[in-house]
Amino acid sequence: MAGDFELTRNITIGQYLPTGSVIHRMDPRLKLLAAALWILSISLCHTYLGNVAGLCVCLALFALARIPLSYGLSGLKPAIPFILILAILQLLFYGNGYGPSGQVYFHWGILRITSASVRVVVVSTLRFVEIIFAVSVLTLSTSITELTHGVEGLLRPLGRMKVPVHAFALIVTIAVRFVPTFAMEMEKMMKAQASRGAEFGTGSWWNIARRTRDVFPLIIPLFNTALVRAEELALAMEARGYVPGQARTAYRRYRAGGRDIVMFLAGMALSAALVFAPFPF
Amino acid sequence: MEKQIGFTVRRIVVAGVLSAIAILLGFTRWGYIPVPTPAGNATIMHIPVIIGSIMEGWPVGTVIGFIFGLSSFVGADVPFFKDPLVSVLPRLFIGIVSWLVFVGIRRWNVYAAIGVAGFMGSATNTILVLGMAVLRGYLAFGPALVTAVANGLPEAIVSVLITLAVVSAWMRIDRKGRRSKLDVD
C-alpha cells in the first residue's frame, strides 16, 4: 500500500542524470530526431522478434549512456498493474473484437483467445516497455535547456510560415519540467487524502464507478494547484522581462559535428531496420 | 494591459502546465480506466484540453490536444491508436469545439457553458476518434457505436464534473482578485 504513494521516485521523465557519455554529448536536435524516429519505428513494429530486438537496442542505449538500468525499471514500476489488467482484458475479449483472425487456442462462451489476441497482448506490452526505456534514456541524458533548443531547432523551418515555434518549444519544455513537480504534488495529495481515511487502489478493478470516483479528490486539486503554479510562473517570467515572440539569443549555440551525424545515421539505420527488416515471426 | 493576440506569457504557461498534467496522467496510467470494450480504455486525459481552451482560448486547447494526441499515439496499446490519423488528428478538434461551445453559451449562463463545453469536448473526442477508426477500417460501425455509448457517455459525464469543478473554482479565485498578485500562496 505504501508503495502506491511513491509516485516521484517512479517517474523518470523530466529528470536529468549527467554522466557525460557520448549520448549526453550528442547534438540535442539530432538526438531528438533520432529518438522520435526510433519511437515511431517501435510503434510500427508488429512482430515478436522485432520487438525483442528493439528491447535489446533500448537496453544497449542504457549502457551507452552509462545510466543505471534501475532508472528505466523504476519508470516502469507504476505502470505494471495497469499493463497487467489491460493485458488480461485484451487477452480475454480481443478474440471477439477482431473477428476470427488467426488460430483459436481457447474458446468458452464469449471468451476467445486467438493467436491474434496473444500477439496484441505480447507485442503491446513489449512495445510499452521499449518506449518507456527509450523516453527514459532521452530525458535522463538531455537537460531541459538542451531539450528546448532541440525542439526549437527542429521546428525552425515552420517559423517561416508564421507558426509560433518558440512558444511551442517553451510549452513543451514547461510541460516536461513540470511532470515531476506534479507527480510530487499528487503524491502529497494522495497522502493527505489517505490520512483523512480515503482509500486508493482498494476498489476492485471491475468496479469502474468506484475507481472513477477515487480519482476525483486527486484530479481536481491537482488541476487547481497546477493553475496556481501557472500564475506564479507567468508572473515570474514577466518580472524577468520575458516577451513572447521577441527575437532571442541563446547562451550556447549548438553545432552538429561529425560524430553527431554518424550517431544520427546509426540511429536512423536501426529505426529503418526495425520497420523494414523481414522478421520471421 | 492591452489585449494581446497569439501566445501571451499566460497562455504559454497554462498550455505547458496543462500538457504536463496530460502527460502525467498518461505516464502513471491514472488517466486511463480500463474497460472491456474495443477501445480498451475510458480516458480522462482529454480534460486538460477542454479546461485549457475554456480558460485561454482554442489555440491553447489545440496545442494541449496535440501533446495529448502524441502521448496517446506513443503509449497506445490498441492497434488503431498506432495510426496518427486516429490518435493525433481528432484531438486537435477537442479544444476548438469546446471553445466554440463555451463562447456561444457563455452570455446566457457561464456555468452551463462550462458544463456543456466539457460534455461537447468529450463527445468530440469520442465521436471523431471512433469515426476515424471506422473510416480507416479498424472498427465496424456496430462495435464503434457500442463503444461510443459504453465509453463515451461515462467519459463525458466525468468530463463535465471535473471541468465544472476546476474552472468554477478557478473563476472564484479569479474574482477574489488573487490573480497576478504577489500574495498568491
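Which residue in E2(A) does A:Phe106 stand opposite? Select A:Phe106 and look across: A:Ile113 is the residue facing A:Phe106 from E2(A). Bear in mind as you click around that this is a predicted model.

**Stop one: the strand pair.** Now widen the selection to residues 104-108 of chain A, which make up strand E1. Its partner is strand E2, residues 111-114 of chain A, and the two run antiparallel, joined over four bridges. Is E1(A) buried or in the open? A residue needs 20 or more other C-beta atoms within 10 Å of its own to be buried. Of the five residues in E1(A), the number buried is zero, so the strand lies largely in the open.

**Stop two: the whole chain.** Going along the sequence, the order is α-α-α-α-α-α-β-β-α-α-α-α-α. Chain A has 281 residues, and 35% of them are buried. If you show contacts between residues at least 6 apart in sequence, 79% of those in chain A join residues at least 24 apart.

**Stop three: a loop residue.** Next, select A:Arg66, which sits in the loop between helix H4 (48-64) and helix H5 (69-76) of chain A. Check its backbone: phi is positive, at about 55°, although A:Arg66 is not a glycine. How many other C-beta atoms lie within 10 Å of A:Arg66? There are 14, so A:Arg66 counts as partly exposed.

Technical notes. Residues numbered from 1 in each chain as written. Chains lettered and ligands numbered in written order. Predicted model: local features only at pLDDT ≥ 70, side-chain atom pairs only at ≥ 80, totals over all residues. Buried ≥ 20, exposed ≤ 12 C-beta atoms within 10 Å, placed from the backbone. Contact = placed C-beta atoms within 7 Å. Pairing = 2+ DSSP bridges.
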